[in-house]
Each structure stands twice: as C-alpha cells, then as structure tokens.
Amino acid sequence: LKTEMKMKKIFACLLALASLAAYAVEPVSPKLTKGMNVVSDEFTNATTYTFKDCPLSVVCSGDSAALVLELSVVQWDAPFDLQRIIILVDGETTQIEKDGDFSSVDKPQRQMSQGASGSFGSASYRGAQYVTRSLFVDAWRTDAPDRRPLMRSIASLPTKIRFVGSRENVDIKLSSKRQKKMAAMVALFDALSNR
C-alpha cells in the first residue's frame, strides 16, 4: 500500500512538472507579430518571422532566438560581384569585407519582352512574347551576437548603405517605413529572448 501511495505521489509530481513545462514557454503576443510572415519548419522545429522588404528577421528554435541581418543588392544579367558593404549609421561607419557570410545567387526570371495587342482570339491578336533573364542577388547574412548593436542602430537611426561591387557601387538610404519594420523585429527578438 505504501509503495502504491509513493507511486501515486511520484506520478502527481511528474504530472505537475509536465504541466509547468507546457506553460513555461509563453506564446508570442499577436501584437508583436502583426503583419509578419511566420513560417514553421517541422523538421528543425524552428520558426522564422519576416516582413516583406525588411533586412531583419527572427529565427526561434526551442527557447533560443536569433536576430538575423541580411543586406542584399540585385543586378540583371551579370553578377554584381559584391566586395564589401559600408554602413553609415548616424555619422559612424562600419565596413564589412567579403567573407564566408557573403553569397551570390542567380535567379532566372521570365519577363514579358513584347506585350499582346488586339483583342484576344481575333485575327489581329498578337500574343505576348517572353524572355528569361538572370537576376543576380548578392547578399551578406549574419546572426552574430557581436553585430546586434549594429542591427539595433540600423533599426532606429538614420542609415545609408553602400554596396561596393567590382565594377560599380550602389547606395541606398533606409526609409522610415523599413526601419519601423526592423524596430518591430528587434522588439520581437527581445520578447523571445526574455521569456
């Protein structure tokens, strides 16, 4: 009888611990993820939070969260050959040299080269013509913890970015709309990191 009582107590304790574990990880507030694209990977159990046209994203796996920065430049028909990125934030410059975190991808894109004319199905109708062009995307991606101060600065302070290619440079200025999205990503990352 004593053994049975002990087993019941142990079972009750395990049940209580299991229910505590189930409630230990609080769900993310819908306010924090409003407008975000949320994708869960069943194989890795990772959830990725992104905004369209936002260089910051958050990747959450279990109880750990990563703040990911990806800056990219695109060019048609020939590789941009990105050599370095220079970031000017509120008067301070950060230079990122080409390393293992740089990548280049060729994405074939089908484009209309000649529009259709006339009424569809009529003798005067001439169908649209298409051509496939290569869109080269050069990017730098990092989730390094020592880059987080830079990510936070980019999300909140006036920022200009220069992509230095082997043949040309491309300069962009981050709009306040993009920075609001980035600030929302930082807030989500902070919430996931502190729960």
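Q: How much accessible surface does the protein chain have, and what share of it belongs to carbon and sulfur atoms?
A: This is a predicted model, so treat every value as computed from it. The accessible surface of the chain comes to about 13,000 Å². Carbon and sulfur atoms account for 54% of that area.

Q: What share of the residues is buried?
A: Buried residues make up 26% of the 195 residues in the protein chain. To count as buried, a residue needs a relative accessible area under 20%.

Q: Now the inside. How do I read a nonpolar core, and which residues have the most contacts in the largest one?
A: The general idea is that in soluble globular proteins, nonpolar side chains tend to be buried together. Here the largest nonpolar core has 33 residues, and L56, I85 and I87 have the most contacts inside it.

Q: Which elements each supply at least two residues of this core?
A: Strands β3 (56–61), β4 (64–76), β5 (82–89) and β9 (159–165) do, along with helices α2 (148–156) and α3. Of these, α3 gives the most, with six residues.

Q: What about L150: is it buried or exposed?
A: L150 is found in helix α2. Its relative accessible area is 11%, so L150 is buried.

Q: Which residues does L150 contact, leaving aside its neighbours within four places in sequence?
A: They are I87, V89 and T94.

Q: Where does Q179 lie?
A: Q179 lies in helix α3, which covers residues 176–193. With a relative accessible area of 12%, Q179 is buried. Not counting residues up to four places away in sequence, Q179 touches I154, A155, S156, L157, P158, T159 and L174.

Q: Is Q75 buried or exposed?
A: Q75 is buried, because its relative accessible area is 16%. You'll find Q75 in strand β4. A polar atom of its side chain lies 3.2 Å from the backbone oxygen of A78. Q75 also touches F80, S134, L135, F136, R167 and E168, if you don't count residues up to four places away in sequence.

Q: Let's turn to charges. How do I read a salt bridge, and how many does the structure hold?
A: In general, side chains of opposite charge can pair when their charged atoms come close. This structure holds seven salt bridges. One of them joins the side chains of R141 and E70, at 3.2 Å from N to O.

Q: Why does the pair of R141 and E70 tie together separate parts of the sequence?
A: R141 lies in strand β8 (residues 129–142) and E70 in strand β4, so the pair ties together parts that are 71 residues apart in sequence. R141 is partly exposed at 43% relative accessible area, and E70 is partly exposed too, at 33%.

Q: Where do D77 and R133 sit?
A: Their side chains meet in a salt bridge, 2.7 Å from N to O. D77 is in the loop between β4 and β5, while R133 is in strand β8, 56 residues apart. D77 has a relative accessible area of 47%, so D77 is partly exposed. R133 counts as partly exposed at 27%.

Q: What is the N to O distance between K98 and D81?
A: In this salt bridge the distance is 3.5 Å. K98 lies in the loop between β6 (92–97) and β7 (102–114), and D81 in the loop between β4 and β5, so the pair ties together parts 17 residues apart in sequence. K98 is partly exposed at 46%, and D81 is partly exposed at 27%.

Conventions
Residues numbered from 1 in each chain as written. Predicted model: local features only at pLDDT ≥ 70, side-chain atom pairs only at ≥ 80, totals over all residues. Heavy atoms only, no water. Helix = DSSP H or I, 4+ residues; strand = E, 2+ residues; numbered from the N terminus. Buried < 20%, exposed > 50% of the residue type's maximum accessible area, 1.4 Å probe, protein only. Contact = heavy atoms within 4.5 Å. Core = buried A, V, L, I, M, F, W, Y, C linked by side-chain atoms within 4.5 Å. Polar contact = N/O pair within 3.5 Å; in protein donor to acceptor, adjacent residues only side chain to side chain. Areas by Shrake-Rupley, 256 points an atom, 1.4 Å probe, with all protein chains shown as cover. Salt bridge = Lys/Arg side-chain N within 4 Å of Asp/Glu carboxyl O.
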